[in-house]
Amino acid sequence: MKIIKKVHARAPLRLGLAGGGTDVSPYCDIHGGAILNVTISLYTHCQLAIFDHSGPSRFYAADFNVEENSDTASAERRLVLHHAVYDRINREYLNGEAPAVELITYSDAPPGSGVGSSSTLVVAMVAAYAHAFDIPLGEYDIAHLAYEIERIDCGMAGGKQDQYSAAFGGVNYMEFGADDHVIVNPLRIDLMTLRRLESQLLLFYTGRSRESARIIESQIQATESKAESALNAMHNVKKSAVEMKNALLKNNLDSVISVLGSSWLEKKKMAPGISNSAIDAIAEMAYDAGATGLKVSGAGGGGFMVIAVPPTSRWAVRRALADCGGQFYEFEFEKHGVSVWNM
C-alpha cells in the first residue's frame with residue numbers, strides 16, 4: 001500500500017461581528033442579508049492521503065476519536081460531513097472512480113461553539129481534495145460547493161457566511177441575496193486599527209455548546225410567518241453590519257464596540273433560545289468587571305462569547321469569569337483564507 005500524494009489543509013474560523021443570521025434563507029432571499037466578520041487564528045485541519053490501490057477509504061475525526069470507512073452503512077455514519085464531501089467530489093469531479101484515501105480531521109475549537117467550525121471543516125476538506133486531485137476551484141467555488149454539501153446534500157440548517165469567510169479569510173463585508181447570490185467585499189482596514197481592536201477583544205468559550213439548527217429553524221419560522229418583532233430585529237441586525245463596516249473603515253473603535261453591543265441586543269429578539277439565563281449571567285459579570293460590549297458568536301444559545309474590554313481591564317474580566325465553567329482562547333486576526341500544502 002503506497003501513498004501517491006498527501007496534503008494538509010487549514011481553514012480559519014471566524015468571529016461574526018455584526019449581521020449574523022441575515023445570511024439564512026428565506027430572510028436573505030426576500031430582504032437581502034449583510035454580515036461583517038473576521039477570521040481568526042483558530043483553525044480546522046484536514047490531512048488527506050491518496051493511495052495507489054482501490055478499496056474503502058478511511059475517515060478519522062481525531063478530536064472526537066471517531067473512525068469510519070467509506071463503506072460504513074448510512075444509518076451508522078457519525079462522520080456525515082466526511083462521507084458527504086467524499087461522495088460529492090467523487091461523483092462530480094472524479095467520474096465515480098472512488099479512489100482510496102485516508103482523511104484525518106480536527107479542529108482548534110469545540111463543536112457547537114459558534115465560530116463556524118463545521119462549515120469551515122467542509123471548506124478545508126473540499127480544498128484538500130481540490131489540491132490533491134488538481135481540481136481548479138477558486139474561493140467562490142470552494143465556498144459554494146461547501147455550502148451545497150452541508151446545507152443541501154446533508155440537509156443541515158444554517159447560513160452562508162461560514163463557508164465564504166473560511167474560503168476568503170480576513171475582514172469581510174458580505175452581501176447575500178436570492179438564488180445563492182453572494183458578494184464578498186474584503187475590507188482594507190488600517191493595521192493599527194486591527195491591532196487596537198485585537199487588544200480590546202476577549203474570546204470566551206461559555207462551556208455550553210449549542211444546537212444552532214433549532215435556533216435557526218425558529219428564525220426561519222419567524223421570517224415565513226412574518227412575525228413583526230422578529231423581522232424588525234433582523235432588519236436592525238442587518239443594518240448593524242453596515243454600521244460596523246463604516247466604523248471600521250473610519251478607524252472609529254468606539255463605534256465598533258457600540259455596534260457590537262447594540263447588535264447583540266437586537267439579535268436576541270430574532271428567535272427564542274439565542275440567549276438564556278446562563279449567558280445573561282456571564283454577560284452581567286463581564287460588564288460589572290469592566291466590559292464595554294459583547295455578543296455571542298454564531299446562532300446563539302452558547303458557544304463563544306466575544307467580549308469588548310479596555311486593555312487595562314482584561315484581567316479583571318478574566319478573573320470575574322474564572323468560575324463560570326468556561327475557557328478563554330487566545331487569538332489574533334487571520335488575513336488569509338483556506339490554505340493547502342503538500343506533505
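## Cysteines, strand pairing and ring contacts

Cys 46 counts as buried, because its relative accessibility is 0%, where buried means under 20% relative accessible area, exposed over 50% and partly exposed in between, computed with a 1.4 Å probe on protein chains only. The model is predicted, so that local features need pLDDT of at least 70 and side-chain atom pairs count only at pLDDT 80 or more, while totals for chains, interfaces and linings use all residues. Residues are numbered from 1 along each chain as its sequence is written, and side-chain values use heavy atoms, with hydrogens and water left out.

The structure holds zero disulfides, a disulfide being a pair of cysteine sulfur atoms within 2.5 Å. Cys 46 is in no disulfide, and the nearest cysteine sulfur, that of Cys 154, is 15 Å away. For Cys 154, the closest cysteine sulfur is in Cys 46, and the distance of 15 Å is too far for a bond. Cys 154 itself is partly exposed, with a relative accessible area of 21%.

Strand E1 (residues 3–18) pairs in the antiparallel sense with strand E2 (residues 33–51) over 13 bridges, and with strand E12 (residues 339–342), again antiparallel, over four bridges. Strands here are DSSP runs of E with at least two residues, numbered from the N terminus, and two strands pair if DSSP finds at least two bridges between them. In the pairing with E2, the bridge partner of Leu 15 is Val 38, whereas Val 7 stands opposite Asn 342 in E12.

A search of the whole structure finds nine aromatic pairs, for which the rings of Phe, Tyr and Trp (its six-membered ring) must have centres within 6.5 Å, planes under 30 degrees apart counting as stacked, over 60 as edge-to-face and the rest as tilted. One of these joins Phe 304 and Tyr 329, whose ring centres are 5.0 Å apart and whose planes stand at 85 degrees, so the pair is edge-to-face. This pair links distant parts of the chain, with Phe 304 in strand E10 (residues 304–308) and Tyr 329 in strand E11 (residues 327–329), 25 residues apart. Phe 304 is buried at a relative accessible area of 0%, and Tyr 329 is also buried, at 17%. Elsewhere, Phe 59, Tyr 86, Tyr 129 and Phe 133 form one aromatic cluster.

The table lists charges over rings, a charge sitting over a ring if NZ of Lys or CZ of Arg is within 6 Å of the ring centre and within 35 degrees of the ring normal.

| Charged residue | Ring | Distance from ring centre |
|---|---|---|
| Lys 245 | Tyr 173 | 4.4 Å |
| Arg 318 | Trp 315 | 4.9 Å |
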